[in-house]
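Here is my notebook from a first look around this structure.

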Protein chains: 2
Amino acid sequence: MNAANPAVTSPVGTHHLRARRLGVDTQYEAVVFMHKECPVCRSEGFTAHNRILLRAGERRVIATLYQITGDLIAHDEAALSESAWQRLGLRDGGTITVTHPEPLESLSRVRSRIYGNELSEAEFRAIVTDIVDGKYSDIHLSSFITAAATRPLDQKEVLALTKAMVDVGDRLSWNADVVVDKHSVGGLPGNRTTPIIVPIVAALGLTMPKTSSRAITSPAGTADTMETMAPVDLDTADIHRVVEQEGGCIAWGGAVKLSPADDILIRIERALDIDTEGQMIASVLSKKIAAGSTHLVLDIPVGPTAKVRSAESAEALSAGLIAVANAFGIRASVSIGDGFQPIGRGIGPALEANDVLAVLQGAPDAPRDLRERAITLAGVLLELGEQAANGQGQAMAAQALDDGRAWTKFQRICEAQGGMRRPPKSTHRRPLMAERAGRVDTFDNRKIAKLAKLAGAPDDKAAGVELHVKLGDPVSSGQPLCTVHAEAPGELAYALDYASTNPGIIGIGER
Amino acid sequence: MNAANPAVTSPVGTHHLRARRLGVDTQYEAVVFMHKECPVCRSEGFTAHNRILLRAGERRVIATLYQITGDLIAHDEAALSESAWQRLGLRDGGTITVTHPEPLESLSRVRSRIYGNELSEAEFRAIVTDIVDGKYSDIHLSSFITAAATRPLDQKEVLALTKAMVDVGDRLSWNADVVVDKHSVGGLPGNRTTPIIVPIVAALGLTMPKTSSRAITSPAGTADTMETMAPVDLDTADIHRVVEQEGGCIAWGGAVKLSPADDILIRIERALDIDTEGQMIASVLSKKIAAGSTHLVLDIPVGPTAKVRSAESAEALSAGLIAVANAFGIRASVSIGDGFQPIGRGIGPALEANDVLAVLQGAPDAPRDLRERAITLAGVLLELGEQAANGQGQAMAAQALDDGRAWTKFQRICEAQGGMRRPPKSTHRRPLMAERAGRVDTFDNRKIAKLAKLAGAPDDKAAGVELHVKLGDPVSSGQPLCTVHAEAPGELAYALDYASTNPGIIGIGER
């Protein structure tokens, strides 16, 4: 079958419109506003909520169309959200072309997975490439994530997805045989060991170019916490410079293009509050592989309200992570920790940073559990990386903390990343009191995390929860158990409202 | 644990803003634009893309927030999309209050399903209630649909979902013991029998208050096609009036609130191009139950590129549909038909309407296959509804078509629905020719549907594909096989581009 007139089969005609910067912040979403009576809308058949391909020179972005019926914009104008304006690299007076985007062929691969088929590496690559090119709407992204969560990815698929995620991004390479890295499986509030481990092992001669994510479903990611102490938006050149100079860095992974699909998927996972094993492995390892890591310690806290709830689940996750890591030539070791209560006192970016600083500075009231966990994990890395003899890693790590080498190294890293700064303080605070005397016998990590999120974390850096008690502590009636920190009265009230209707966030048992 | 100051635990403070109608068409999505420096944004910690609860009097809507950085709106204004403005029933000079929405508790039920648990009726009701209240974002909706598609709903869950979908909407009731209804499982282009069946059975004394959907993944739904001949946006009172007067109607189901969740879910299913068995059953039957139907015929076309591809799948779907229908007291019968090629000639709203009119008018060139299929299904209904003796239904239906009673009834129904009108004609057309001589041996229904959609159907009513050949027809090289109709040159070019790169839409074999 052929079309009657070959000339008509060329790609759809392009239309030029004057680009206008509307001054609308839509976050990640590219939005274009065109007049409903605009000739392009009529000739192309565009209607509101269509996805439209915008081009300016070599740059392209797919945007959601909203249509203006009033006199806000002219008929030959295309008004752009900040995200669209910046991705197209536009300047005032510029023009753009608008067309239908190509059909989203890779979506048939997502449907195939929904209908029960496994996906190959090529199929995952097609999906991930389109995701990174911004071709997937929220509906498509959510479907891909949910399909891969509802019938979990098998190991072959996890390998294939990991490889695809690595391949669509940049990769770092290092002049070192041993490049160490660390990942904590989330779900345990306050488990902020990275900014302590990096300066310890870097001070002791290892190379640790750490890139971290922002929060997925938690009140803070390492990048959120670190950002309260130093800039973390380092590009590839910055990371190389800092690591060559100091042996380590603590950067946000999203500012470099290491596994860029991961950052897009994380936003959806966060909205859904899901983070399944296969996706977790692909997410973690695609970043590590792209970062050029050779040796990896995985921190898995286990507890009834941690992300991993039983020793069996921890074993299964460890096995999956290690198998996939080995398939990519990475030596990995797992450290299973106590996940029954939060680590440290603070939950939320700035509150966690305070704990990190106390441990690094050797403050007398520094949280012991955070210090110990950091020493354990740093010890594993020192032994994995053959910087310490077997059984000597922890002592070496503790020594570097105690004699101030880690603190000095941390300050040097912060300076190299753009300058050290003080974590912000919250403007609104309120303690939550024990309703009766007794002994602290449970922490609901999920509810504590939710409380911190309702208070504004991680978007509000100073927001979160500050704990005043640990498991087993005796308390009297009316004694403050924790303090809620917020940056706005609305969010403080919202968090307190949640606390008052959700007993058992911190459980009090018999003395 | 209790909050220190009980006064602060009251719901978050409400903030009043001047409502402004911005004149932005965002379709279904409610959008609110607030200034980035607006005191409410600061005190509540709102950031772009947050979902915000807007209230005006008793009316509520959850809107997506975009933030304005320029001088487009004032600091004490909230500018609203048309959808938000209308759902709040606002007038110029009105004010609205803005707050955080309550936490979306039912999302934990979606997660539970993702993690492998079945959902109960109460759990489905919680989800469906929140969906109908507009609390689910596209991310949430897509996850719910994908979770229920990837590990298919079992029969108990389908029953529970169906019940929940019925319960959150309105229900129609009728002064008739027998209320007949019909549903065709989609996927077969041009299968537009409803506007023929309704006048046949209504002319013969049955009550058939037919509500139809718009297209899900196809180039036209019955409501789209009917709308080219008469208004279909009837409210409950209109439907009662038309049915009491004429015995039948052909209305869009979405204009009344029968299973309103279905219309929201259909939009997402359309974007994903998925439509699974359990969801199909819940979607179809929730509408039928809410419409007060007592007897139902189900039309399932089977063919290699139809939605249902084998006799076994058709049996399974029939069994599921009949079992769930019976559980709700509906007598149902299934008619399995030939799904190897499109029915009739037209694919697309107006082109299908032309076929319908030709059959009703007894035009000499009326498509025989469409006429026969309509007679078969009408015959089943006449027997199910005890208007015809067993084995006599089809003859009775044919008679009503041949003697003009059905055509008269159709015109009366159109007049009662608001006035009969002519289907629009396309402005841009181009034939596709046979590349070689031979005999037509295959139709790829999916590719034909896609071709019609790329040409603009169903949004552009006159767009679509008009077939000139049937299976087995001999063709010569260069003979037109079909004509692509469009309302815009861009879409015509786009469809032709697809045709030129996708051979085998209509397959030509040896003579």
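My entries follow, starting with the ground rules.

**Ground rules.** I am working with a predicted model, in which local features need pLDDT of at least 70, side-chain atom pairs count only at pLDDT 80 or more, and totals for chains, interfaces and linings use all residues. Residues are numbered from 1 along each chain as its sequence is written, chains are lettered from A and ligands numbered from 1 in the order in which they are written, and side-chain values use heavy atoms, with hydrogens and water left out.

**The two copies.** I looked up how chain A and chain B are related. A rotation of 180 degrees with 0.0 Å of shift along its axis superposes chain A on chain B, with an RMSD of 0.1 Å.

**Two helices of chain B.** Next I looked at α10(B) (residues 260–272) and α11(B) (residues 277–290), which pack at an angle of about 145 degrees with their axes 11 Å apart. Helices are DSSP runs of H or I with at least four residues, numbered from the N terminus. The axes are lines fitted to C-alpha atoms over the stretch in contact, and angles run from 0 to 180 degrees between N-to-C directions. Which residues make the contact? On α10(B) they are D262(B), D263(B), I266(B) and E269(B), and on α11(B) they are Q279(B), S283(B) and K287(B). I also noted the salt bridge between K287(B) and D263(B), at 3.1 Å from N to O. A salt bridge is a side-chain nitrogen of Lys or Arg within 4 Å of a carboxyl oxygen of Asp or Glu. K287(B) is buried at 9% relative accessibility, while D263(B) is partly exposed at 23%. Buried means under 20% relative accessible area, exposed over 50%, and partly exposed in between, with a 1.4 Å probe and protein chains only.

I picked out R267(A) and D138(A), which meet at 2.9 Å from N to O. R267(A) lies in α10 of chain A and D138(A) in α5 of chain A, so this pair ties together parts 129 residues apart in sequence. R267(A) is partly exposed at 22%, and D138(A) is buried at 19%. Then I checked K409(A) and E246(A), whose closest N and O atoms are 3.0 Å apart. K409(A) sits in α16 of chain A and E246(A) in α9 of chain A, so parts 163 residues apart in sequence are tied together. Both K409(A) and E246(A) are buried. I also found a network of salt bridges linking R214(A), D224(A), E227(A), D233(A) and K461(A).

**Buried places.** In α7(B) (residues 194–203), 9 of the 10 residues are buried, so this helix is largely enclosed by the rest of the structure. Among them are P195(B), I197(B) and V201(B). After α7(B) comes G205(B), with a positive phi near 100 degrees. My last stop was T162(A) in α6 of chain A, buried at 0% relative accessibility. Leaving out residues up to four places away in sequence, T162(A) touches A282(A), L285(A), S286(A), I289(A), V324(A) and F328(A).

Methods:
Contact means heavy atoms within 4.5 Å. Copies are superposed by least squares on the C-alpha atoms of residues with pLDDT of at least 70 in both.
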